[in-house]
Amino acid sequence: MENRLPTSDKDFVESLIPQRFPFVMVHELSEYSENHLLSGFEIKEDNLFIQDGFFQASGLIEHQAQSVALHTGYKYYLLGKDAPTGYIGAIKSFEAEILPRTGDHLISEVTILNEVMGVTLVDIVTKLNGEVIAKSQMKTAVK
């Protein structure tokens, strides 16, 4: 299977992460490098994290964590290997300026700060219509 970026091929994107419907919070992979990734996510009405038309902060955190998983999954795809399962090890910081609504399209930028023995420290910035709405720094670990 060959896939070029950017891609919003649902099956391909979902093959790169361990989550499955209805828990998928990434729909698009726009850019990838060893230390960088841009992901996209369109918030649907039936999303598990929607409350009163708003995508909750817990959903933003999950979207950001899955963006990190997408980075790992694509790296393994390029190596011809199956992606490992990953976990949020720690959330050092998280700030949400606003909660997005149903129908909004999020773009998240993942920056890999450090990766040692399966533990990755990342900065993640999520934007809506070009404006920063959430930032976090977290550690993820692969199984």
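Biologist: Hi! How many aromatic pairs does a search of the whole structure find?

Modeller: Hello! Searching the whole structure gives seven aromatic pairs. Keep in mind that this is a predicted model.

Biologist: Nice. How do the rings of Phe-12 and Tyr-74 sit, and how far apart are their centres?

Modeller: The ring centres of Phe-12 and Tyr-74 are 6.3 Å apart and the planes are at 90 degrees, so this pair is edge-to-face. Phe-12 belongs to helix H1 and Tyr-74 to helix H2, so the pair ties together parts that are 62 residues apart in sequence.

Biologist: And are those two buried or exposed?

Modeller: Phe-12 is buried, with a relative accessible area of 1%. Tyr-74 is buried as well, at 6%.

Biologist: What about Tyr-32 and Tyr-74, what kind of pair do they form?

Modeller: Tyr-32 and Tyr-74 make an edge-to-face pair, with 4.9 Å from centre to centre and 65 degrees between the planes. This pair also links distant parts of the chain, since Tyr-32 is in strand S1 (residues 28-33) and Tyr-74 is in helix H2, 42 residues apart. Tyr-32 has 21% relative accessibility and so counts as partly exposed.

Biologist: Which residues form one aromatic cluster there?

Modeller: That cluster consists of Phe-12, Tyr-32, Tyr-74 and Tyr-77.

Biologist: OK, let's zoom out. What pattern does the chain follow along the sequence?

Modeller: Reading along the sequence, you get α-β-β-β-β-α-β-β-β-β. That is two helices and eight strands.

Biologist: How does the radius of gyration of the chain fit with a compact globule?

Modeller: The two agree: a compact globule of 143 residues would have a radius of gyration near 15 Å, and the chain has 14 Å. The C-alpha trace spans about 40 × 35 × 25 Å along its principal axes. Buried residues account for 39% of the 143 residues. Taking contacts between residues at least 6 apart in sequence, 62% join residues at least 24 apart.

Biologist: Back to H2 then. How does the span of H2 compare with what its 22 residues should give?

Modeller: It agrees: at 1.5 Å a residue, H2 should span 32 Å, and its end C-alpha atoms are 32 Å apart.

Biologist: How many residues of H2 are buried?

Modeller: In H2, 16 of the 22 residues are buried, so the helix is largely enclosed by the rest of the structure. After H2 comes Gly-80, which has a positive phi, near 75 degrees.

Biologist: I also spotted His-63, which lies in helix H2. Which side chain does His-63 join through a polar contact?

Modeller: The side chain of His-63 has a polar contact of 2.7 Å with the side chain of Ser-108. With 0% relative accessibility, His-63 counts as buried. Leaving aside neighbours within four places in sequence, His-63 is in contact with residues including Met-25, Phe-41, Leu-106 and Thr-126.

Biologist: Now the largest nonpolar core. Which of its residues touch the most other members?

Modeller: Those are Leu-70, Val-110 and Val-122, in a core of 19 residues. The elements that contribute two or more residues to this core are helix H1 (10-15), helix H2 (57-78), strand S6 (105-116) and strand S7 (119-128). H2 gives the most, with six residues.

Biologist: What is Val-122 in contact with, leaving aside its neighbours within four places in sequence?

Modeller: Val-122 is in contact with Val-68, Val-110, Thr-111, Ile-112, Leu-113, Ser-136, Gln-137 and Met-138.

Biologist: Last one: Glu-14 lies in helix H1. Is Glu-14 buried or exposed?

Modeller: Glu-14 counts as buried, at 14% relative accessibility. Leaving aside neighbours within four places in sequence, Glu-14 is in contact with Gln-19, Arg-20 and Val-24.

Biologist: Great, thanks!

Notes
Residues are numbered from 1 along each chain as its sequence is written. This is a predicted model: local features need pLDDT of at least 70, side-chain atom pairs count only at pLDDT 80 or more; totals for chains, interfaces and linings use all residues. Side-chain values use heavy atoms; hydrogens and water are left out. A nonpolar core is a set of buried Ala, Val, Leu, Ile, Met, Phe, Trp, Tyr and Cys residues joined through side-chain atoms within 4.5 Å. Buried means under 20% relative accessible area, exposed over 50%, partly exposed in between (1.4 Å probe, protein chains only). Helices (H or I, at least four residues) and strands (E, at least two) are DSSP runs, numbered from the N terminus. Contact means heavy atoms within 4.5 Å. Rings of Phe, Tyr and Trp (its six-membered ring) pair if their centres lie within 6.5 Å; planes under 30 degrees apart count as stacked, over 60 as edge-to-face and the rest as tilted. The expected span of a helix is 1.5 Å times one less than its number of residues. A polar contact is a pair of N or O atoms within 3.5 Å; within protein, one must be able to donate a hydrogen and the other to accept it, and residues adjacent in sequence count only if both atoms are side-chain atoms. The radius of gyration is taken over C-alpha atoms; the globule rule is 2.2 Å times the number of residues to the power 0.38.
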